[in-house]
Amino acid sequence: MANIQFSPEADQAPMQVAGLKAAFNILERWGCTKTQQQAILSLPRATYYKYRQAPESAQLSHDHLERISYLLNIHASLGMVFENPENRYGFMKMANHNPYFNGRKPLELISTGSFAALYETFKRIDALRGGQW
C-alpha cells in the first residue's frame with residue numbers, strides 16, 4: 001500500500017487563490033490604484049501583475065495571508081454597517097474625523113503598506129458594527 005502524504009500548503013491553495021481574487025476585487029471596488037493595491041498587499045510590482053494574470057501561481061506568505069484576511073474582514077464589517085453600496089464601497093475614501101483617522105481617509109492610511117495601519121483600520125471599522133476590542 002502506498003504511503004500518500006498531503007502538503008498543508010497544497011490543501012490550502014484553492015482558499016488562498018479565492019482569497020487573493022476576493023482581495024483584488026475589494027480593492028478595485030474601493031477605487032484603489034494599482035500602486036495602492038501593491039502597497040496594501042505588500043507585493044512588488046512584477047509579482048502583483050503576475051498574480052493578477054494568474055492568481056493560481058501565487059505563493060503567498062503568512063504576511064500576505066494576514067493582509068488578505070484583514071481586507072476581507074474590513075469588507076465584511078462595512079457590509080454589516082452600511083446597506084447602501086455608495087457607503088459600503090466609498091467609506092474607505094471618505095475623510096474620517098474619528099480618533100486614529102484624524103481627518104484622513106482609511107484608504108490613505110492602509111495605502112502606506114504598513115501592516116499596523118491595516119490592523120488599526122480594521123479594528124476601528126469592526127468597532128462600528130459592534131466588534132469588541
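Predicted model: local features only at pLDDT ≥ 70, side-chain atom pairs only at ≥ 80, totals over all residues.
Residues are numbered from 1 along each chain as its sequence is written, and side-chain values use heavy atoms, with hydrogens and water left out.

Aromatic pairs were assigned to rings of Phe, Tyr and Trp (its six-membered ring) with centres within 6.5 Å; planes under 30 degrees apart count as stacked, over 60 as edge-to-face and the rest as tilted. The count comes to 7 aromatic pairs. Tyrosine 48 and tyrosine 49 pair edge-to-face, at 5.0 Å centre to centre and 85 degrees between the planes. Tyrosine 48 is buried at 0% relative accessibility. Tyrosine 49 is partly exposed at 36%. Tyrosine 70 and phenylalanine 115 also form an edge-to-face pair, with centres 5.7 Å apart and planes at 70 degrees. This pair links distant parts of the chain, from helix H4 (residues 62-81) to helix H7 (residues 115-128), 45 residues apart. Helices here are DSSP runs (H or I, at least four residues), numbered from the N terminus. Tyrosine 70 is buried at 17%, whereas phenylalanine 115 is partly exposed at 26%. Ring pairs join Tyr70, Phe115, Tyr119 and Phe122 into a cluster.

The largest nonpolar core has 28 residues. Such a core is a set of buried Ala, Val, Leu, Ile, Met, Phe, Trp, Tyr and Cys residues joined through side-chain atoms within 4.5 Å. Trp30, Leu71 and Ile74 are among the residues with the most contacts inside it. Helices H1 (8-29), H2 (34-41), H3 (45-53), H4, H6 (106-110) and H7 each supply at least two core residues.

Salt bridges were assigned where a side-chain nitrogen of Lys or Arg lies within 4 Å of a carboxyl oxygen of Asp or Glu. The structure holds 6 of them. Arginine 52 bridges to glutamate 28, with the closest N and O atoms 3.5 Å apart. The bridge connects helix H3 to helix H1 across 24 residues. Arginine 52 is partly exposed at 30%, and glutamate 28 is partly exposed at 33%. Glu28, Lys34 and Arg52 are linked in a salt-bridge network. In helix H7, glutamate 120 and arginine 124 are 4 residues apart, about one helical turn. Their side chains meet in a salt bridge of 2.1 Å, N to O. Arginine 124 is partly exposed at 29%.

Technical notes
Buried < 20%, exposed > 50% of the residue type's maximum accessible area, 1.4 Å probe, protein only.
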